[in-house]
Amino acid sequence: MSTIPNHLKDLVKRGSFAEFTSLANARSYAARCTKLHMVIQGDIDEDGENGRFWVVLPADAQRLVRAGYEYA
């Protein structure tokens, strides 16, 4: 599991957080989780490249979507 970035600590409450640079890897990880996990398109750097994908529990995914992030 990755460390939760400071700006997300209020949104990711359950502690199940994994960060990936590849959508395929994030989806593969989520598919292998015992519990249901969702993939969220995370932060993108200033150049519009090097996007991040977060794998989180559904409750955390809903909070992230309400905060403006999108499902991947």
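His37 counts as buried in this predicted model, because its relative accessibility of 12% falls under the 20% cut-off. His37 sits in the loop between helix H1 (23–32) and strand E2, and its side chain has polar contacts with the side chain of Ser16 and with the backbone oxygen of Lys35.

**Surroundings of His37**

- The polar contact that joins the side chains of His37 and Ser16 has a length of 2.8 Å, while the backbone oxygen of Lys35 is reached by the side chain of His37 at 2.9 Å.

- Four strands make up an open sheet in the order E1-E3-E2-E4, and their pairing is antiparallel.
- E1 and strand E4 (70–71) are the edge strands, each having a single partner strand, and therefore one side of each has no neighbour in the sheet.
- Strand E1 (residues 17–20) pairs with E3 in the antiparallel sense over four bridges, and within this pairing Val55 of E3 is the bridge partner of Ala18.
- Strand E2 (residues 38–41) likewise pairs with E3 in the antiparallel sense, over four bridges; here Val55 of E3 is the bridge partner of Val39, and Ile40 stands opposite Trp54 in E3.
- Helix H1 lies across E1, E2 and E3, and the helix runs at about 5 degrees to E3.

**Strand E3 and Phe53**

- Phe53, which is found in strand E3, counts as buried because its relative accessibility is 14%, a value under the 20% cut-off.
- Apart from neighbours within four places in sequence, Phe53 is in contact with a list of residues that includes Ala18, Glu19, Phe20, Thr21, Ser22, Leu23 and Ala26.
- The contacts of Phe53 also include Val39, Ile40, Gln41, Gly42 and Ala72.
- Phe53 and Ala24 are 29 residues apart along the chain, and their C-alpha atoms are separated by 9.6 Å.

**The chain as a whole**

- The chain contains two helices and four strands, which follow the pattern β-α-β-β-α-β when read along the sequence.
- Of the 72 residues in the chain, 35% count as buried, and His37 and Phe53 are among the buried residues.
- For contacts between residues at least 6 apart in sequence, 52% join residues that are at least 24 apart.
- The accessible surface of the chain comes to about 4700 Å², and carbon and sulfur atoms account for 46% of this area.

Notes:
Residues numbered from 1 in each chain as written. Predicted model: local features only at pLDDT ≥ 70, side-chain atom pairs only at ≥ 80, totals over all residues. Heavy atoms only, no water. Pairing = 2+ DSSP bridges. Buried < 20%, exposed > 50% of the residue type's maximum accessible area, 1.4 Å probe, protein only. Polar contact = N/O pair within 3.5 Å; in protein donor to acceptor, adjacent residues only side chain to side chain. Contact = heavy atoms within 4.5 Å. Axes fitted to C-alpha atoms, helices over the stretch in contact; angles between N-to-C directions. Areas by Shrake-Rupley, 256 points an atom, 1.4 Å probe, with all protein chains shown as cover.
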